[in-house]
Amino acid sequence: MKRDDELRPVRNESGIEIQPLYSAADVEASGGIAMLGEPGEYPFTRGIHPLMYRKQPFTMRQYTGFGNAADTNQRFKFLIENGQTGLNVAFDLPTQCGIDSDDPQAEGEIGRVGMAVDTLRDFEVAFAGIDLDKITVSLTINGAAAILIAMYLAMAEKRGFDLKRLRGTAQNDILKEFVGRGTWVFPVQPSIRLVGDTIEYCAEHAPKYSPVSVCGYHIRESGATPTQEMAWGFCIARAYADEVIKRGVPVDEFAGRLSYNFNIFGNIFEQVAKFRAGRGLWAKIMKEEYGATRPGSMWLRMIAGGGGGGLTLEQPENNIVRGAYYALIAALSGAQTMALCCYDEAYTIPSEYAQRISLRTMQMLVEEMGLAETVDPLGGSFYVETLTNQMRAEMERVIAETDAAGGIVKLVAEGAIQSRVSAQAYRMQRAIESGAFPKVGVNRYRNDGEAANKVEMHPYRIDDARAQMASLQQVRVERDAVAVARALARVEADARSGVNLMPAIVDAVKAYASVGEITQRMVGVFGRYVEPLRFDHRDEVELAA
Amino acid sequence: MSQNKPIKVVLAKPGLDGHDQGAKVVVRAMMDAGFDVYYTGLRQTPEQVVAAALREKADVIALSSMAGSHLPFCTRLKPLLEAAGLGGKLWIIGGNLPAQDHDALRALGFKGVFQTGSKLDAICDFIKANRP
């Protein structure tokens, strides 16, 4: 429609100009409804299943883990008793970086931001009494993912679960770790090889397990726009797919187990359009570019959650309300799984109280608010359909631009994506500080005179760290040293020869070799990643002013 | 020291914390403020922070910590900085630093403590006002 010249132009974070009113003509001008289709049918813009939540509401999977395996097991059971339908495991930083609890580098970090895991023994404790056929488990692990996936499969097998039927997810998206989050270990190329090894291995041995969850999420947290978040996520997924296909595995044998993790903070309509647009675009990429034929290979299966980047330290209770809006976004978007950052998360590891509020927020959408009753409820809105078309076009532009510049792997290895998103994060921080980008409670409606409501701080228990080291020591004494030495030698040999490393790693974890021991052998062959630190990108584009 | 020479800042990410969005934003703000900034990248041990500060002839040693290990790290760092003769430099820290820890950080020698939500210009102005 024609814009009233007196209105200030408004752009969303993806740079798309927003009109005060949309009509059928706008939908038509933006590409019409060619990419809309029906839910459960190509290109799946409206949802990957015909009945979506009417048949099965989204899985609720709060990110949890701290201290040792016993502490975490207890919190898992609390969440399950409160109606949570999946688990999402947080690991401490030593585990995430492939470092054992008794390594000097682990000092002060053991069990701090997640559960400490050194050996298979820790997994046996963490998941004791939890039915892995009923509750699917997601492992938030990347640099050490191959080892932790091996551990999960070994633990499940030992408890008698059938690996052919075992479901669950590992994050295992190393390329995004180089952009944001930073729990890398090995250089770029061997890291991609390891992702390929896990996909290839799971396709054969645990075909229902999702070995990768490609994360636009952390790229967004690092400063990317919503369209970059999704476009670069797709570029990364293509890089992993290419790695597996070059080994001769047909696309339809693994693509159905690729999954995604996207962020949900920001403008409601921009976010919903992002997910709808992304669903159609991923289906198109898999079908047209990769020749996938099975519908499941074209599905954008995702956890849409978190929203940490939108939460504020100021007036933390406002984050409860933000979380509710973010959850609404995820539900309107047809996410398979949802998780919410808790209101106290800008301060601390969430309390049980805060976790329960997040869980109840999601449950309310299903039980009270009618979000599980109708598929794609915003479908057909002139605004949402126009924006969906525009967002998809913008994502295609970003993908083409990335490919033309040499591809995502090259740009990440050179640090170009990192430099660009940090430039954007800097611009955003300046915009928040100046008030050009509004944040309630931060740059307007501050309550400076008022004492802030107290947030209950999660205690760090040094005794837990000591107990973890003692338990690792115990395992080292009890295990068969000869079997461990043999298994670790095989890890090193297979790393060198280039065969799939997973069988060797599975053997090593079954012999109770530790995360750090296995990682060290691989570092001996692969070396370590060195960050390409660049600050040469500048970003002068004006945000929605 | 000549006031014309740009202030040299070594900004480090201590420990295993990988959240570097804030650190990189602060690096950019310091560059725009005219400082000469050396950013170490992730996973710095206390020994590596000291080595970088010595090598780069830092006026300011800045840490960015988001994952809660600031007190054990700074406790290990303080004697190493002092032993290296860097006790007279300006030490500052920013990030996710609970209010209950601020006094302890100041007592460890961190003159500037910048909690999440601190303004970029406030950090740069503090450095200008407190440079050694």
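Two residues are taken to be in contact if their C-beta atoms, placed from the backbone, lie within 7 Å. By this criterion, residues 24 or more positions apart account for 73% of the contacts in chain B with a separation of 6 or more. In chain A the corresponding share is 77%. The model is predicted: local features need pLDDT of at least 70, side-chain atom pairs count only at pLDDT 80 or more, and totals for chains, interfaces and linings use all residues. Residues are numbered from 1 along each chain as its sequence is written, while chains are lettered from A and ligands numbered from 1 in the order in which they are written.

Confidence was examined for chain A. Its mean pLDDT (the predictor's confidence in each residue, from 0 to 100) is 95, and 98% of its residues reach 70 or more. Over residues 541-545 the pLDDT is below 50. Beyond near neighbours in sequence, this stretch has 9 contacts in the model.

Chain A contains 20 helices and 12 strands. Both kinds of element are DSSP runs, numbered from the N terminus: helices are H or I with at least four residues, strands E with at least two. The radius of gyration of chain A, taken over C-alpha atoms, is 23 Å. Buried residues make up 54% of the 545. A residue is buried if 20 or more other C-beta atoms lie within 10 Å of its own, exposed if 12 or fewer, and partly exposed in between; the C-beta atoms are placed from the backbone.

Chain B has 5 helices and 5 strands. Along the sequence they follow the pattern β-α-β-α-β-α-β-α-β-α. The radius of gyration of chain B is 13 Å, close to the 14 Å from the globule rule for 132 residues, so chain B is as compact as a globular protein of that length. The C-alpha trace of chain B spans about 35 × 35 × 25 Å along its principal axes. Of its 132 residues, 50% count as buried.

The contact between the chains takes 30 residues from chain A and 25 residues from chain B. On the chain B side, α1 (21-32) and α3 (70-83) each supply at least two residues. The largest share, 6 residues, comes from α1(B). This side divides into 11 nonpolar, 9 polar and 5 charged residues. Here Ala, Val, Leu, Ile, Met, Phe, Trp, Tyr, Cys and Pro count as nonpolar, Asp, Glu, Lys and Arg as charged, and the others, Gly among them, as polar.

A nonpolar core is a set of buried Ala, Val, Leu, Ile, Met, Phe, Trp, Tyr and Cys residues joined through C-beta atoms within 7 Å. The largest such core has 196 residues. Leu148(A), Ala150(A), Met338(A), Ile505(A) and Val9(B) touch the most other members. Helix α5 (residues 145-158) of chain A gives the most to this core, with 12 residues. Leaving aside neighbours within four places in sequence, Val9(B) is in contact with Met30(B), Phe35(B), Val37(B), Ala58(B), Val60(B), Ala62(B) and Ile127(B).

Helix α2 (residues 46-55) of chain B has Pro46(B), Val49(B), Val50(B) and Ala53(B) as its buried residues. Seen down the axis of α2(B), they fall within an arc of 95°, so they line one face of the helix. The arc is that of the directions from the helix axis to the C-beta atoms. The buried residues pack against β1 (8-12), β3 (60-65) and α3 of chain B. On the other side of α2(B), Glu47(B) and Arg55(B) are exposed. Just after this helix, Lys57(B) takes a positive phi of about 55°.

Most residues other than glycine have a negative phi, and most peptide bonds are trans. In the loop between β2 (36-39) and α2 of chain B, Arg43(B) has a positive phi near 65°. With 23 C-beta neighbours inside 10 Å, Arg43(B) counts as buried. In chain A, Met52(A) has a positive phi near 40° and lies in the loop between α1 and β3. Met52(A) counts as buried, with 23 C-beta neighbours inside 10 Å. The peptide bond from Tyr42(A) to Pro43(A) is cis, with omega near 5°. Pro43(A) is placed in the loop between α1 (24-29) and β3 (59-60) of chain A.

Methods. Rg over C-alpha atoms; globule rule 2.2 N^0.38 Å.
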